[in-house]
Structure formats: C-alpha cells, structure tokens
Amino acid sequence: MAGGNERSMKALKEVWKRAENSFCADCGKPDPDWASSTLGVFICLSCSGIHRNIPSISKVKSLKMDYWDDAQVQFLAKHGNAVTKAIYEAHIPIYYYQPTYNDCQVLREQWIRAKYERQEFTEPGEQPPYSDGVKEGILWKRGRDNGQFLPRKFLLSEREGCLKYFTKQDAKEPKINVKIDVINATFQPEKIGNPNGLQITYLKDNKTRNIFVYHESGKEVVDWFNAIRSVQFHYLKVAFPIASDNEIKNRLTRNFLKEGYMEKTGPKQREAFKKRWFTLDHRRLMYFKDPLDAFAKGEVFVGSGENGYSVQKGLPSGTQGNFSWHYGITIVTPDREYLFTCETETDQLDWIRAFTSVINQAMTPQEYAIEAYFKFKS
C-alpha cells in the first residue's frame, strides 16, 4: 500500500478485515495478503502465484506493498470472497475435491483454473468430464518390479463399479480389475518424483496394494482423481441409500494421516531396529522397505483407547535391540507392544499426535471386523 493516499488505505483496510476475507478464497489459508483486482477475491501468496499464471482472468496485487486506486478498492468492496464464491462456486459437485493450503500444487492449480478459467461450477446441470461415469485413457504407471514408468490404458466404469488397467492397448483382459469401493487415491508428487504423481491403493485379500501413476497434464490427472470420487459417490449412494450426501462424501478418497521413515524391531524386541517407510492410513499402519513398494512388508492395526490401544513416548526400559535413532515410540495393543524410533524429536511428536488422533476415535463395526482379521492373521 506504499504510495497510496490515506483514504484508499483506510477503505482497503476496512474491506480486508471483513470476516469473509480473512481466509484465502481458494485454499482457506488464514490471513491472505494478496488480492485479485479483476476477480475481487482475497488470496494467499501461494495462490496468487497461480493466479499470475492466468493473466487473461486475474490480475493480482499485494495488499501491503502495492498501490490500490479508489476504483480498485471499490471493486474489492463490491465483491470480496463471499460474493465471488457465490458466482464461481455455485454448483460444485459434492464429490469434487476442494483442496486446502496443505494440498499439492497440481490440485490447487486445477481447482483455481476450474473455477475462474473454465468456469465449471457457474451453471447448474453442467457435465464436466469427470462426471460421465466412465473414463478411459493412458496413465504412466510405475512397474512393480523394475520401477520404470510405462504407458498403460486405464478404464474407470460406474456401470461396472470398477477400475481396470491393461498392459497393452489392444489387450482384451485387464491386468487388474478392482472394485471401486476398496480404492483410495491420493496425490504424492514428492514420493513419486513427478508434480502430477497420484498413488492409487486398493485392498487385495485384505492387504493394501499400491499403484503409482502420473500424467503429463495436470488437468487430466486431477480429472482422473475426481472421476474416481464421482464413481465412488454414486456407487455408495446405491449401497447406502439412507446415508446423507455428506456422510457419503466423507467416505470417498482420503489423504494419509502421516508418512515417513521410522526404525522398527521385531516381536521379540531383541532384534536390531531396521529403517522402514511407514504409512498411517487411518487404522492401518503399514511399513515398506521402499516408499514406492507395491506391497507392505507388514501392517499393524491401530484400534481405539477403549479397546486397549495406546501410544507412549519412549521405549520400555531394558529394550535390547540396537537402534541408531533415539526418539522412541511404543504402540500398545491388547496382544503386544510395537517399538519404533524416530530420527528427530519433531518426527516423534508428529507421529504421536497422528496415532493419538486415531486411538481417540471410537471404532466402527467395520473396523471391529478388520481388527478380528488382523488378530486371526497373527
């Protein structure tokens, strides 16, 4: 606002401090300090960079450092986040994933482009490409054994309620045929090493199987992601006819609660601790030798506190296994204790918070069945 006159500065501050403008219009980050002078929305620094790449739609300026003239301030006052959202977010499909500031770049960019550039949500009855109930195309898939990414044909079908992929374009039989209700999808650009990297997981014989894919086009890979959510939503609407839309929405794809390296020892607690990659997917704690492994080396069920599960900081006194990391965690279950070590105290506290969030939740009937399977398997 340097160089602006006192009246404009005061008026801008008044608009800026409205409750509706205290969060980024696109990702929800608190205290945005940028705005679009052409759209009238208040946005964070990160989202302003995305807006800047769409110059035909949006012109962005800093609320602190740039000069705003009277006409621009009046435009902001007339619009603001609430009014603009009512226009550009009027008809978002309930299954469409609306990213937050914690989500990756490709999700946030395609959300912003979908709203303002393609205007996918302004008119009722619009049929975006991810809502057709069927999607077919090529995704680059990582080979389970050789680690190479190769083009593979994928087919998603609402009518069949499944996702398939084929090793060859003209193949008649799919390599996999997975029911849509056991699929999860989450963006993993850092893990996969591609900004459009998507991890698709599904249960096979009650074990988690990972598939890692990407597409050169950010729009295409996000369309695949929302197509999966669309098919899941309509499948679950039929399977659970009395459930509300919001209840079903909460059962669609989910991000992992926590991922990262820890060391673990075996059940006798005398073996050397080994470094493994861990993924906490709600009540499933899975560990892998490599983050991009197709199958976990093992899985641990994390139940609720009322059923005898707890997390403790540190290791039991007298732990004999050799370990190189010194920030211990003990998971107590009705059957045994699981011992882990973290490289830093920050990692230790983050993992403890994640475990505590799961343990503090009551278990559902489906989760009791999963717990019974884990006990039977062990």
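**Notes on the predicted model**

1. Let's start with a cluster of charges: Asp26, Lys85, Glu89 and Lys115 are tied together in a network of salt bridges (a salt bridge is a side-chain nitrogen of Lys or Arg within 4 Å of a carboxyl oxygen of Asp or Glu). The structure holds 21 salt bridges.

2. A word on what you're looking at. This is a predicted model, in which local features need pLDDT of at least 70 and side-chain atom pairs count only at pLDDT 80 or more, while totals for chains, interfaces and linings use all residues. Residues are numbered from 1 along each chain as its sequence is written, and side-chain values use heavy atoms, with hydrogens and water left out.

3. Now the big picture. The protein chain has 10 helices and 17 strands (DSSP runs numbered from the N terminus: H or I of at least four residues for helices, E of at least two for strands). Its C-alpha atoms fill a box of roughly 75 × 55 × 45 Å along the principal axes. Of the 378 residues, 49% are buried (buried means under 20% relative accessible area, exposed over 50%, partly exposed in between, using a 1.4 Å probe and protein chains only).

4. Take a look at helix H4 (residues 80-88), whose buried residues are Gly80, Asn81, Thr84 and Tyr88. Seen down the axis of H4, these residues fall within an arc of 115°, so they line one face of the helix (the arc is that of the directions from the helix axis to the C-beta atoms). Their cover includes strand E2 (42-43), helix H3 (70-78) and helix H5 (105-117).

5. Arginine 229 lies in helix H7 (residues 218-239). Leaving out residues up to four places away in sequence, arginine 229 touches Tyr95, Tyr96, Tyr97, Lys249, Leu252 and Thr253 (contact means heavy atoms within 4.5 Å).

6. Strand E5 is worth a stop too. Glutamate 136 and lysine 153 meet there in a salt bridge at 3.8 Å, N to O. That pair links distant parts of the chain, with glutamate 136 in strand E4 (residues 134-142) and lysine 153 in strand E5, 17 residues apart. Lysine 153 is buried, with a relative accessible area of 15%. Serine 157, also in strand E5 (residues 149-157), is buried at 8%.

7. Last, another charged pair: aspartate 245 forms a salt bridge with lysine 237, the closest N and O atoms being 2.8 Å apart. Aspartate 245 is partly exposed at 34% relative accessible area, and lysine 237 counts as partly exposed at 33%.
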